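This briefing is meant for a reader who is meeting the structure for the first time. It takes up aromatic rings, then the nonpolar cores, and lastly the surroundings of the ligand.

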Amino acid sequence: MAEIRKVGVVGLGTMGAGIAQVCVEAGVDTLGREISGELAERARGRIDHFLGRKVEKGQLAQEAKDAAMARLSLTTELADFADCDLVIEAAFEDLTVKHELFRELSAVVRLDAILATNTSALSVTEIAAAAVHPERVVGMHFFNPAPLMALVEIVRAQQTEASVVETAYAFAQRLGKEPIRCNDTPGFVVNRILIPLLNDCVRVLDEAGVTPEDLDKAMRFGAGWPMGPCTLVDLVGLDVHVHASEALWQSLREPRMAAPPRIVGMADAGYLGRKTGRGFYEYEA
Ligand code: 3HC
């Protein structure tokens, strides 16, 4: 099995920065790419903040944090991924954007490198189709917040070679995660179940005339959820949730998959949850 010594992460938003954090904490040299130096530095700041909190809480030694930060390098150039053994793409959820990236990445990386996508709603098979070697493309679907959530879905596209699935699986284990293998079906495993469930929760808000606070309380104390559905949608991002709902609705046509108008309206208004300071709840900047 190919050894993964250096990882590239394309896109350092919430998910990409979280994945890069997990990699450097696990001792892996990691190169992160953003479209501007400013966005890349913002991601470094975010990782530095979360590792700093671990030091403050006595969960991580200062030297271990410094060593992890030293393993992180940043770039704005895809060409710099030439020596990466694995590149994980966590860019904007748009097939055209991903196709462009996979075409460019294919031209840059070694023939034996693995290209992974963290897509949550698009077809890995369709993304892989743009790569020169689609058999080297696999889904590695992390969950938000990536440093805290143990699951990684290792998604085999139609074209993925079995050895690539196994290398991605073993790498997720090396990151301290709990991977599972699954087919490239809409929503894979968790989102196929969670997205319609969260849509139901939002519909219940109006049907039962309940406040977001009380709905969250209901699911935490009545169903044992670690956080309530409104808090969770705010964490995931209303735009991400609506996009994932649309993708499931497009492929499966089940009414529960479609995002409720209430949440679409909020997303259209720019109330995207934690990242914009307002969703079901308000957040400090
Ligand atoms: N990145 C890195 N570190 C983070 C972080 C982040 N995004 N968010 C929080 N942390 C760190 C913080 O430093 C925090 O400590 P601090 O508050 O003292 O600074 C530390 O983690 C612990 O945070 P919490 O005290 O909030 O941890 P909890 O014990 O409350 O657990 C949780 C938090 C694990 C998020 C838990 O509430 C949970 O499991 N929630 C459900 C999340 C979930 O379902 N996610 C899946 C969403 S679906 C998805 O991602 C799929 C996608 O395709 C849409």
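In this predicted model, a search that covers the whole structure finds zero aromatic pairs.

- In soluble globular proteins, nonpolar side chains tend to be buried together.
- The largest nonpolar core holds 37 residues, and those that touch the most other members are Val-7, Leu-86, Val-138, Met-140, Phe-142, Ile-154 and Phe-171.
- Helix H1, which spans residues 14-25, gives the most to this core, contributing seven residues.
- Another core lies apart from this one and is made up of 23 residues, including Leu-31, Leu-101, Leu-115 and Leu-122.
- When neighbours within four places in sequence are left aside, Leu-86 is in contact with Ile-4, Lys-6, Val-7, Gly-8, Ile-114, Ala-116, Met-140 and Phe-171.

**Around the ligand**
- The ligand has 19 residues around it, of which Arg-53, Lys-57, Ser-120, His-141 and Asn-144 come nearest.
- An N or O atom in the side chain of Arg-53 is 2.7 Å from an oxygen atom of the ligand, while a polar side-chain atom of Ser-120 lies 3.3 Å from a ligand oxygen atom.
- Asn-144 takes part through its backbone, where a polar atom is 2.8 Å from a nitrogen atom of the ligand.

Terms used:
Residues numbered from 1 in each chain as written. Predicted model: local features only at pLDDT ≥ 70, side-chain atom pairs only at ≥ 80, totals over all residues. Heavy atoms only, no water. Phe/Tyr/Trp six-rings, centres within 6.5 Å; stacked < 30°, edge-to-face > 60°. Core = buried A, V, L, I, M, F, W, Y, C linked by side-chain atoms within 4.5 Å. Buried < 20%, exposed > 50% of the residue type's maximum accessible area, 1.4 Å probe, protein only. Helix = DSSP H or I, 4+ residues; strand = E, 2+ residues; numbered from the N terminus. Contact = heavy atoms within 4.5 Å. Near = heavy atom within 4 Å. Polar contact = N/O pair within 3.5 Å; in protein donor to acceptor, adjacent residues only side chain to side chain.
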